[in-house]
Amino acid sequence: MKLYNSFLYLEPFVFLFLQDNYALLYDSLTFKSYKIYVNDSIRPLLKKLLKIENMYTIQLNIDELQDEYITNFILFIKSNYLGDVVSDQRCKVKPILFPPFLNFDQNKSDGVKERYSNVISNLSELTINLTNSCNQRCAIKCDMIKNQTLFCHKHNIVKYLDIDLLKLFISDQQIRHIPISLIGGNILEFPRFSEIIELFKDYEKVSLFVHYKNFKQIMTEGKLNNFVFVILIDYPVIEEELLKVQTYVLQNNIDATFKFIVNNINEYTTLILYLKNNPYPNSVIVPVYDGDINFFIDNVYISENDIQEFNLTKKDIYANQTVNINDFGKLIINCDGLVYANYNNLPIGNIINNNINELILKCLGDNNTWLRTRTMKPCSDCLYQWLCPSPSNYDYVIGKSNLCQIID
């Protein structure tokens with residue numbers, strides 16, 4: 001059979017990642033990933049395919065087409081519908097494909113205002129910390145928990161958010177359409193709580209974060225049933241009190257999520273047994289790091305198999321390359337008026353001197369918050385860099401950029 005110079009191409013829905021002696025081909029239509037060994041014959045071809053100017057198509061000469069490794073690679077991509085080869089006798093002009101490369105420079109902050117004319121549309125969630133006051137004496141380190149997940153927390157120096165400044169800060173009508181979370185120590189101790197309820201009564205979705213030990217105040221007042229509740233539960237659980245809350249929620253048809261936190265495997269197994277015998281509607285279990293790294297390695301760290309089970313679309317991978325999925329679009333107003341994009345970072349401003357548009361623009365140009373992606377080592381040297389979920393609060397708290405079992 002006569003050989004001709006040919007064009008090798010990859011399909012535009014296939015992502016190619018190359019690191020050292022391995023390459024990863026990810027099919028964003030079937031969600032299948034293929035990890036292959038790369039030798040000296042294949043590596044130059046893959047590097048050429050990754051050059052944007054080649055548009056996912058390169059020319060192979062006759063000598064290359066007779067190379068056993070290259071032939072096997074061609075058979076591999078053909079059999080898995082990842083690409084193909086066409087001779088230059090059949091295709092006189094080089095095929096042009098649009099490779100899945102993202103044309104976005106996340107390090108360039110110039111012209112942010114021009115690129116984001118409707119700035120407020122980037123805000124997807126607003127958390128408002130009303131007060132750090134609480135009379136409960138929980139065993140948990142609640143101030144540590146707030147840096148990992150939305151939860152109640154207290155402080156010795158009690159502060160209350162200035163509601164008048166808050167009203168000015170959120171005066172934009174578009175805020176009414178985004179989810180609002182009201183958190184604190186015990187938000188029911190906020191002196192002007194009735195004004196807060198009045199302020200947010202017509203908003204589309206407002207969630208009140210209330211510890212189950214404080215929920216009896218809701219049961220007594222009985223006037224907040226039209227709000228969404230997140231009922232916070234720490235270990236050990238006082239079962240009698242929690243069952244009263246559950247009964248009240250069910251009897252009054254309240255929209256509520258029961259949020260349980262656990263620190264170690266013993267708490268987790270105990271809680272699983274408890275929930276099996278006492279099923280709660282809309283319950284979630286959230287692990288919190290408190291020094292037990294083995295618990296996190298076994299139950300939170302992701303493995304290579306975990307990543308291969310993710311069904312990521314093109315859009316998902318572009319998002320991983322561009323923004324932090326966990327942080328993007330979120331702001332936190334603290335009870336002292338400071339505003340954060342993430343509690344693990346320094347405040348980005350305050351509700352006295354900054355308007356909400358200014359703070360959103362700052363986040364859009366700040367790579368440490370909304371745009372914090374896996375560009376740091378060792379993630380930058382990993383084949384799964386852009387298939388892996390965005391860095392989370394756990395990365396901050398544990399002090400490790402890759403919470404995985406792939407790279408130490």
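Reader: What makes the phi of tyrosine 56 worth a remark?

Author: Phi of tyrosine 56 is near 60°, a positive value in a residue other than glycine. Most residues other than glycine have a negative phi. Aspartate 20 also has a positive phi, of about 50°, and is not a glycine.

Reader: What makes strands 5 and 1 a pair?

Author: A pair needs at least two bridges. Strand 1 (residues 6-10) and strand 5 have 4 bridges, so they pair, in the antiparallel sense. Phenylalanine 7, for one, has glutamine 59 of strand 5 as its bridge partner.

Reader: Why are strand 5 and strand 6 said to stand at the edges of their sheet?

Author: The open sheet has 3 strands in the order 5-1-6. Strand 5 (57-60) and strand 6 (83-87) each have a single partner strand, so one side of each is left without a neighbour in the sheet. Neighbouring strands here are turned by 25° against each other on average, direction ignored.

Reader: How do you know that the length of helix 3 agrees with its number of residues?

Author: Helix 3 (residues 68-79) has 12 residues, and at 1.5 Å a residue these should span 16 Å. The end C-alpha atoms of helix 3 are 16 Å apart, so the two values agree.

Reader: What puts the buried residues of helix 3 on the same side?

Author: The buried residues are Ile70, Phe73, Ile74 and Ile77. They cover an arc of only 100° around the axis, and therefore lie on the same side of helix 3.

Reader: Where in the chain is confidence lowest?

Author: Confidence is lowest in helix 4 (residues 112-115), at a mean of 48. Over residues 106-114 the pLDDT is below 50. Where pLDDT is low, the predicted coordinates should not be read in detail.

Key
Residues numbered from 1 in each chain as written. Predicted model: local features only at pLDDT ≥ 70, side-chain atom pairs only at ≥ 80, totals over all residues. Heavy atoms only, no water. Helix = DSSP H or I, 4+ residues; strand = E, 2+ residues; numbered from the N terminus. Axes fitted to C-alpha atoms, helices over the stretch in contact; angles between N-to-C directions. pLDDT = per-residue confidence, 0-100. Contact = heavy atoms within 4.5 Å. Expected span 1.5 Å × (residues − 1). Buried < 20%, exposed > 50% of the residue type's maximum accessible area, 1.4 Å probe, protein only. Arc of directions from axis to C-beta.
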